[in-house]
Amino acid sequence: MVLVVALIAFGAIMSMAVSYAAEPSFVAAPLQSSRNAYEVVWKTPSENDMGSMPLGNGEVGVNVWAEPDGNLKFYISRTDSYSEVSRLLKVGMVSVALAPNPFKQGEPFLQRLDMKSGVIDFDAGSGTAHIKLRLFIDADQPVIHVVAHSDSPVSAKVRVESWREADRTLDDTDLAATWTMKDAPYPLVESADQFSRRDANVVAWYHRNPSSCVGATLKLQKIDTFPNVCEDPLINRTFGGEVFGSGLTAIDDRTLATSSPAKNFAVRIACPCAQTATVDEWYVLAANAAAASAHPDEALARTRNWWERYWANSWVNISGDDREEKAVPVSANPLRIGYDSDHRNAFPGSIGRTDVYRRALSREELAQLATTDRSLPAAIKDGLVAETDGTAGEMPSSKFDLANAFTLAAWVNPSDLKPGRIFDKLTAGKDDGFLLDTHPGDTLRFILGDKTISGASGILKTGQWQFVAASYDRTTERMIVMLDGKIVADSGSAPQTTVGQAYALQRYMQACGGRGVYPIKFNGGQFTVSPDGNVRYADYRHWGDTHWWQNIRHMYFPMLAEGDFEMMTPFFRMYEKAIAPGRARARVAENADGAFFPETMAVWGTYANRDYGWKRPEAQNSGVEECPYHAKTRNQGPELVSMMLDYWDYTRDEHFAKSELAPMAEAVLQYFDSRFKRNAAGKLVIQPTQSIETYWYGVVDDTPTVAGLRNIAPRLRALPKSVTTAAERDLFARIAAAVPDMPFDTRTIGGVETKVIAPAGGYDRKTSNCENPETYAIWPFRLYGVGKPDLDMARTTYVMRKAHLPVGWGYDGNDAATLGMTDEAKRILLTKCANSNPKYRWPASWGPNFDWLPDQNHGGNLLETTQLMLLQADGRKLYLFPAWPKEWDVDFRLHAPDNTTVEATLSGGKVTRLVVTPETRKADVVICLGDH
C-alpha cells in the first residue's frame, strides 16, 4: 500500500485473504488500539443500535453493532431507497447469531474500524468462543461482505429482520421522515416488504413501490400540465437484498444457518436499488452484483484501493489540538456567598439554603434537590462539603478541594432584577476562580476562569423562591447552569475527539454516502438510527425527505478543497433535473421566465407539500408555497451557480462549464431578468423578497440575493466564449449591469456611528428566525475577507450579528475563518468537535442541533471551517494559514483553483514544508499565520 508520507501511519491490522471455497487465513498480528485519527476502536459490545458504527461505499451503508447476547447486527441503508410516499427507508436489518457466544460481557472484545481501508474487524471471545469477523462493502458493487473464522467450530444463523411486515398507514412519528407528504389530508400507506427463498443457499427480500406521490404533488402545485416537467423517481422503485452464504443453508424464507458447526463461513448481501418493470428484473440486478463481487479477496483489494486513493487525494493531520483537562483556576480566595471580593455586587434579595459538592451532580440529582423542601438539609449527601443557611459570608478554601469538579446549589428569592453574586471565588476583574451570579439582572451567569455561560434573559422572577445550581466536571470540561431543575445554560462537553480526528471522521462519513444517485441527506445521511433503540423507528428522522438548500450546501462546499469532485455530481445532477419543474413553477407562480429553486425541495424538484400547503382554495393556489419562513427567498439559485463556478475554477472542466454551468446560470438569471423591475438607474429592484428566514416584512434587495448576484455576474462574464453562447453572454452582461448595490447600515459602537453590512436595502427590523443574512456577503459569497477591501468593516458586521450559530447549519465558523479571525474560528471549531451526542457511541454523532443526527450539515461545516482556516483563494492569490492557530501543528494537502494542490507543514509555529503543484503557483502563496 502506497501512502503519501504526510498521512499519519496507522497500526497493524488483521489481514485476511479470503475465498468462499477455502478456509480463510488470518495473519496473527493482533488488533491494536491507538491514537490514530483514522481508526475507531471499541472494547465492549453495544446494547442496541445507539451503539452502532457506520460503514459505507458511497451508496450502500450499514450501521454495525455487536450485542452481549451473541448477535452481530447491522442496518442496511442506501442513499436512494425512497418509498412510495418519499420516505428514505432503511433497506432492512440483518442479524448474525453466533454460538457459542463470543460477545458475552467480560469476555475479550475488540471492534475496530479502519477508515483507511473501509473495513470493520471484530476479534472477540475466548477459548472455543473466540472468533474473528470482518465486514466491508465492495467499493464497486452494492454488495456487503461478512467473513468469519474461528479456531473452533461455531454455529451461525443469518437472519433478515423487518419492521415493515404488512402494509401500514403511517402515524405521526413515521411522518416525521417525509416532509413532502407530512400533514396530507388523506392516509399515507407504505407497502410491506416481501420475502422469498431463492434457492437452498439464498434468501431475499425487497420493498417495491406500487404507487407514487409524485403525480399528486405536481397536481397540487399546478405544474402537472407542463410537458416533461419531471420524471417520477418513485414508481416501481425496488430495493432490498439477496443473501448468499458459503457454508450456510436456507432454513426458512429469511434465515440462513450453518448445517453443523464450522470454523469458517462467509456471507454476501447484494442490495441494488432501481426502477424496474418487474421484480424479476431487480433479482437479475442483485444476482449480477453478487456475481461481480463473488471473490471477497478481490473485492477487498479494490475496496482498499479506492479508500487509499481517497485519503491520498487530500488530508488534514493535526497535532497539538488534543484536549487538555483543565483544573479549576487555583487561588487563595475564599468561597463567598452573597457578594464579591470587593464586598460589592451584593445579591438583591434573600439567599436560602446553599450546598457545595466536590463533584458534578447529575441532572437527575439536581432536579431532586430542586423538589425538596428548602428548609430541610440537602437530600443528597454524596460529595457534600459545605452547607449554609444562605447568610452572606465566606468559607476558607482550605476546607475543601474543588479543583476537579464541583456543584454549587442555592435557593434564592430576588427582590430586584439587577446584578448580584450568589457564589463567588475569584478576584473581581480577574479570571482566577469562578462565580455564579444574576448578571445582568434577570438571568443566571456562570464564570469559570476565562469561560462564561449564561441563561436566557427573563428567567429569574422577583418575589418567589427559585432553585439555582451550577456544576463543572474537569473530565468533560462541561459547565451547566440549572434553574428549578431544568438546564438553562450548557457549555457542552469538551471535544471527545481532537480536531484532526473530527475532520477525519466527517470526511469518512462523506465518502460513505457521497457516491449515490442522490445527494447526502443533511439530517442524518443514511446512517440514522432509532431515537431510543426501538428498531421500528430506524427510519425516523426530523425534517423528512426533502433537501433544504441552507443545509445541503454545507456537505458540498468542502468537497472542492478536498478534491472530491466526483462526489459533487449527485448534488449538481439533482438541481439540473430540477430546472424543468423550476421553470414551470416560475411561470405558474410569477409569470416569469427561467427557474427558481425552493428552500425545501423534493428529489424530483418540487416544493415539499408540507411547506406548499395542502388546503388551499383554488383562488389562492398561486403556485407559491404558503410557508412564510422561505416563501419569497430566492438566493438559492445564485448560490448554486456560485458553487458551480467554484467547481469550474478548481477543475477548468470545459465540458462541465458548457453543458452544466452555463445552462444553469442561464435558467437562474433569466428568472431575475424577467421577474423583477428596474429602477431609473437600470438596477434590479428585488421585491417582493425576504432576507432568508429572518426578515419577512418590507424587504427590498435582500443581501443574500444581492451578494449572490454580485458574486456570480462578473465571474460568468469571464467564462471563455468557447463554453457559452452569444445569448448567454448577453444575459450575463445585462444582469451584471443591473445588480443592485450592496446594502449598508450603521451601528452605534462606543458612541460612534459605524458602517456595517445590512440585511437588505430596506426592511422591517422585526425578526422571525435566528440567522444573519448580512454575513452572506462574507460567506458563502466571499465579497469580503482576508486580502480584500473593508476587512475591518466586515469584521465589525460579524461581531455585531444578532444570532450566534456555532453548530448545525450555523455558518459563524466559516465567517470567522474567512475574515481571518483566528481565535474566534478556533473557538467555534472546538465547539463543533464537542458536539457529538453522548447518547450515541459513534464519536461523530453530531447533533441533533436544529435537525437530526448524525447531523451532516454540522459535519460539513466542520470541514469547511477547518479548510478556510488553512487555505483561502482570492483570484490568483493563495492565502496560507489565514486563520490558523500557531500552536496547532498541522500537515495538509488541499486543492485550490486552477488544478492546484497545496501541501504544507506547520511545526512549532513555522512553515517547515511547502509544496505547490504546479510549482508556478508557488509565487501566488501568501503566508499569513494570522498576521494580516
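Mentor: Arg893 and Glu903 are both buried, where buried stands for a relative accessible area under 20%, exposed for over 50%, and partly exposed for what lies in between, computed with a 1.4 Å probe on protein chains only. Before going further, keep in mind that this is a predicted model, in which local features need a pLDDT of at least 70 and side-chain atom pairs count only at pLDDT 80 or more, while totals for chains, interfaces and linings use all residues. Residues are numbered from 1 along each chain as its sequence is written, and side-chain values use heavy atoms, with hydrogens and water left out.

The side chains of Arg893 and Glu903 meet in a salt bridge, with 3.3 Å from N to O. This pair links strand β42 (residues 889-896), which holds Arg893, to strand β43 (residues 900-907), which holds Glu903, and the two residues are ten residues apart. A salt bridge here is a side-chain nitrogen of Lys or Arg within 4 Å of a carboxyl oxygen of Asp or Glu, and strands (E, at least two residues) and helices (H or I, at least four residues) are DSSP runs numbered from the N terminus. In general, side chains of opposite charge can pair when their charged atoms come close.

Turning to another pair, Asp539 forms a salt bridge with Arg164, and their closest N and O atoms are 3.1 Å apart. Here the link joins distant parts of the chain, since Asp539 is in the loop between α6 (499-513) and β34 (547-548), Arg164 is in the loop between β11 (143-161) and β12 (168-169), and 375 residues separate them. Both Asp539 and Arg164 are buried.

A further pair is Arg675 with Glu590, whose closest N and O atoms are 2.8 Å apart in their salt bridge. Arg675 counts as partly exposed because its relative accessible area is 22%, whereas Glu590, at 17%, is buried.

By the same rule, the count of salt bridges comes to 55.
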